Amino acid sequence: MKLEYEITADDYANAIRLDYSASPLFARWWPTLLNFCIVPAVLLATGDLGKMYANLGPGLFVPPIVLLVGLEFYGKSRKLLKKQFLKTGVGGPVGAQIDEKGLELAGAHANGLTKWSGIVRWLESADLFLVYPQPRLFFILPKRALQPDEIAEFRDRLINEVGAKSVCRTRQLLR
């Protein structure tokens with residue numbers, strides 16, 4: 001199956017949000033957890049926690065909470081993601097060939113074939129497929145580039161070649 005499409009800012013934002021929402025909680029919140037656990041432990045070990053708490057009171061925990069809320073907002077902010085898309089230059093026309101060998105992509109910045117055995121997982125949303133040749137690297141394949149029967153065919157090929165255990169349940173992304 002041959003496809004021609006262009007990755008838009010909406011595709012990029014939806015892909016980043018889907019990837020973010022499928023990430024383990026620890027991967028998203030580790031900086032905050034680090035602040036809550038390690039920093040107070042170091043201060044306690046050095047004897048400075050009591051002095052710091054006396055001076056700051058509950059304000060000691062404000063920076064980690066602000067960081068947590070900021071990270072969660074960043075992961076879901078369409079406006080920020082669209083701005084990032086414009087800076088990265090990810091967009092442009094993409095040609096894709098999907099066959100028994102694998103997924104071959106040709107774009108403005110890269111060309112290559114990823115064999116089915118080289119795909120580690122995949123995700124699907126209402127608007128797109130994400131195909132991962134590495135745990136944190138993905139290719140974006142918008143569903144609008146496929147006919148309805150091709151969507152089912154591509155999903156079946158992913159299940160057969162990569163495995164159903166890699167599937168993230170289809171989710172409606174926040175609009």
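How much space lies in the largest pocket of this predicted model? About 500 Å³ of space lies in the largest pocket. The legends below describe the whole chain and then several close-up views.

Residues are numbered from 1 along each chain as its sequence is written.

**Figure 1. Overview of the protein chain.** The chain contains six helices and seven strands; helices (H or I, at least four residues) and strands (E, at least two) are DSSP runs, numbered from the N terminus. Read from the N terminus, the order of the elements is β-α-α-α-α-α-β-β-β-β-β-β-α. Of its 175 residues, 38% count as buried, where buried means under 20% relative accessible area, exposed over 50%, and partly exposed in between (1.4 Å probe, protein chains only). Among contacts between residues at least 6 apart in sequence, 61% join residues at least 24 apart; a contact means heavy atoms within 4.5 Å.

**Figure 2. Confidence along the chain.** The predictor's confidence in each residue is its pLDDT, from 0 to 100. The mean pLDDT of the protein chain is 76, and 59% of the residues reach 70 or more. Among the elements, helix 6 (residues 148-161) has the highest mean pLDDT (93), and helix 3 (residues 49-56) has the lowest (58). Over residues 169-175, pLDDT stays under 50, and the model has 22 contacts beyond four places in sequence for this stretch. Where pLDDT is low, the predicted coordinates should not be read in detail.

**Figure 3. The largest pocket and its lining.** The space in the largest pocket is about 500 Å³. Its lining has 24 residues, and the closest to the pocket centre are Ile7, Leu105, Ala110, Phe138 and Phe139. Two or more lining residues come from each of strand 1 (2-7), helix 1 (9-22), strand 2 (92-98), strand 3 (102-106), strand 4 (111-115) and strand 7 (137-142). Strand 7 gives the most, with four residues. On a 1 Å grid over the protein atoms alone, a pocket is an open set of points where a 1.4 Å probe fits, with protein on both sides within 12 Å along at least five of seven lines; lining residues have an atom within 4 Å of a point. Grid points are joined across faces, edges and corners, and the volume is the space filled by probe spheres set on the points. The lining divides into 16 nonpolar residues, seven polar and one charged. Here Ala, Val, Leu, Ile, Met, Phe, Trp, Tyr, Cys and Pro count as nonpolar, Asp, Glu, Lys and Arg as charged, and the others, Gly among them, as polar.

Figure 4. Helix 1 has 14 residues and spans 20 Å from its first C-alpha to its last, close to the expected 20 Å; the expected span is 1.5 Å times one less than the number of residues. Its buried residues include Asp11, Tyr12, Leu18 and Tyr20. Ile16 also belongs to helix 1, but counts as partly exposed at 23% relative accessibility. Beyond its neighbours within four places in sequence, Ile16 is in contact with Leu81 and Phe138. The C-alpha atoms of Ile16 and Ile140 are separated by 9.7 Å, although the two are 124 residues apart along the chain.

Figure 5. Ser125 sits in the loop between strand 5 (121-124) and strand 6 (128-134). Ser125 is buried because its relative accessible area is 1%. From Ser125 to Leu18 the C-alpha distance is 7.3 Å, across 107 residues in sequence. Lys83, in helix 5 (residues 78-88), is exposed because its relative accessible area is 53%.

**Figure 6. Arg157 and its contacts.** Arg157 lies in helix 6 and counts as partly exposed, at 23% relative accessibility. Leaving aside neighbours within four places in sequence, Arg157 is in contact with Ile98, Asp99, Glu100, Trp116 and Val162.

Definitions and conventions: This is a predicted model: local features need pLDDT of at least 70, side-chain atom pairs count only at pLDDT 80 or more; totals for chains, interfaces and linings use all residues. Side-chain values use heavy atoms; hydrogens and water are left out.
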